[in-house]
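Here's a quick tour for anyone opening this one up for the first time. Keep the picture beside you as you read.

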Amino acid sequence: MNIKRNVIFALESRKKDGKPIVENVPIRMRVVYNNQRVEFTTGYRIDVSKWDAEKQRVKNGCTNKLKQTSAEINGDLSNYFTEIQNIFKEFEVKDEMPTTVQLREAFNLAIKKVEPEENTVQEKPPLDFWKVFNEFVSENSKRNNWAKGTLQKFNALKKHIERWKSEPTMDDFSEKGLSDFADTLHKQDLKNSTIDKQIGLLKWVLRWSASKNLTSDNAFMNFKPKLKTARKTVVFLDAQELKQLTDFEIPEDKKYLEKVRDIFLFCCYTSLRYSDVCNLCHSNIRDSYIEIVTVKTNDRIVIEFNDKSKAIYEKYKDFHFEGGKVFPVISNQKMNDYLKNLAELAGLNNPVHQTYYKGNERIETILPKYAVLSTHDARRTFICNALSLGIPANVVMKWTGHSDYKAMKPYIDIADDIKASAMSKFNQL
């Protein structure tokens with residue numbers, strides 16, 4: 001048996017009146033093995049300024065308040081390290097995993113020392129991470145009324161963590177542990193942008209656990225792996241492509257695509273997300289506007305009808321769908337499949353350049369627009385066309401529910417490009 005272990009000498013973290021104690025601080029020996037942690041007193045104290053945290057020893061030439069020298073203290077620390085390693089080797093030879101009590105007794109016997117009872121409280125095994133994770137999801141999903149999509153994101157995170165460690169503890173999320181987790185994500189051939197999102201979700205959990213005093217290691221606060229990323233290409237339909245899709249005559253054997261087109265175009269002219277258009281009921285409709293509470297953000301928004309959106313609504317208003325819904329509902333996945341089929345038939349073939357990174361590898365793809373088009377691109381279509389028509393960003397944000405300009409910045413840049421391109425048409429006069 002080979003018992004993986006880590007022996008660490010560190011100063012005890014103590015505070016007085018809310019401020020860290022920096023003088024005459026106890027030196028402790030921490031032993032971590034088999035998802036368990038045992039801490040021992042060394043019998044020595046030293047000022048923080050005289051401790052070399054990297055070498056885990058007292059700085060050369062320093063003494064403590066009892067006039068014990070660095071050579072004396074460091075010599076005993078090295079002996080403690082040797083003794084604990086010898087104890088583990090004995091258990092390895094016996095092919096036996098020691099309990100925390102056995103380890104403590106063997107060490108105390110080796111150095112002929114009995115520790116104070118107060119130290120036995122440290123024998124508690126590290127906190128199970130999944131217990132913390134489940135409490136986090138339960139509390140936050142109820143308090144913030146999470147949408148199904150948010151729960152799915154954390155389910156995905158859970159699967160990624162399980163691929164790294166099936167039964168992680170809170171102690172596993174040290175700086176080294178976080179680096180190991182990031183490496184595991186890299187090995188799964190994920191895009192850097194995806195890895196960045198997963199680490200962001202994990203840090204959310206760890207911040208919450210820190211606020212509940214469930215973790216004492218705040219290494220995650222400054223953990224930010226260097227990941228090369230590229231701005232995601234905003235896919236949308238310009239005015240000409242919208243007309244092209246609208247005017248396309250759907251073949252007789254594919255008339256089911258007509259509903260797909262109507263729902264997609266309705267989103268293009270209202271900015272509604274697919275989740276909101278699926279839940280849109282006749283009770284949300286007023287004479288001249290739509291009033292809804294969004295599924296994703298719980299924002300109450302009002303969207304005025306325009307001629308395009310009103311005409312599509314009028315087409316379906318006399319139909320009766322389950323639950324008083326305005327439109328016939330199909331799954332988002334099926335809708336995306338049908339939408340790509342429709343866009344291909346309609347000839348939406350303009351090339352879309354996409355750039356992303358996997359590790360340090362830069363990957364570029366060029367695909368026809370129909371191959372990358374999705375239901376959410378209807379919302380992007382609304383924003384880009386609204387801005388290019390000169391509608392102020394703050395007005396557009398009232399329709400879309402965006403709360404800050406940061407999210408709108410990519411769309412504003414596109415609108416500026418469209419305006420610059422339009423200005424060149426004057427050169428043809």
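Where is Asp189 found? Asp189 sits in the loop between helix H5 (175–187) and helix H6 (192–211). Before going further, note that this is a predicted model, where local features need pLDDT of at least 70, side-chain atom pairs count only at pLDDT 80 or more, and totals for chains, interfaces and linings use all residues. Residues are numbered from 1 along each chain as its sequence is written, and side-chain values use heavy atoms, with hydrogens and water left out. Helices (H or I, at least four residues) and strands (E, at least two) are DSSP runs, numbered from the N terminus.

**Helix H1**

- Helix H1 covers residues 70–93, and its 24 residues should span 34 Å at 1.5 Å a residue; the expected span is 1.5 Å times one less than the number of residues.
- The end C-alpha atoms of H1 are 35 Å apart, which agrees with that expectation.
- Quite a list of H1 residues is buried, including Ser70, Ile73, Asn74, Leu77, Tyr80 and Ile84; buried means under 20% relative accessible area, exposed over 50%, and partly exposed in between (1.4 Å probe, protein chains only).
- In an α-helix there are 3.6 residues a turn, so residues three or four places apart point the same way.
- What do the buried residues of H1 pack against? Their partners include strand S1 (5–11), strand S4 (25–33), strand S5 (36–46) and helix H2 (100–110); contact means heavy atoms within 4.5 Å.

**Aromatic rings**

- Rings of Phe, Tyr and Trp (its six-membered ring) pair if their centres lie within 6.5 Å, with planes under 30 degrees apart counted as stacked, over 60 as edge-to-face and the rest as tilted.
- By this rule the count comes to 24 aromatic pairs.
- Take Tyr33 and Phe88: their ring centres are 5.2 Å apart and their planes at 70°, so the pair is edge-to-face.
- This pair ties together distant parts of the chain, with Tyr33 in strand S4 and Phe88 in helix H1, 55 residues apart.
- Tyr33 counts as buried at 1% relative accessibility, and Phe88 counts as buried at 0%.
- One aromatic cluster has among its members Phe129, Trp130, Phe133, Phe136 and Trp146.

**Charges over rings**

- A charge sits over a ring if NZ of Lys or CZ of Arg is within 6 Å of the ring centre and within 35 degrees of the ring normal.
- Arg104 lies over the face of Phe40, 4.9 Å from the ring centre.
- Lys158 does this with Trp130, at 5.4 Å from the ring centre.

**Strands S8 and S9**

- S8 (residues 289–293) has Ile290 and Ile292 on a covered face, while Tyr289, Glu291 and Val293 make up an uncovered one.
- S8 and S9 (residues 300–304) pair in the antiparallel sense over 5 bridges; two strands pair if DSSP finds at least two bridges between them.
- Tyr289 stands opposite Glu304 in S9.
- The two strands form a hairpin with 6 residues between them, and Asn298 in the turn has a positive phi of about 60°.

- Asp189 has a positive phi of about 60° although it is not a glycine.
- Asn213 also has a positive phi of about 60° without being a glycine, and lies in the loop between H6 and helix H7 (239–247).
- Is Asn213 buried or exposed? Asn213 is exposed, with a relative accessible area of 69%.
- Within H6 you'll find Gln198, which counts as buried at 8% relative accessibility.
- Not counting residues up to four places away in sequence, Gln198 touches Ala156, Leu157, His160 and Leu185.
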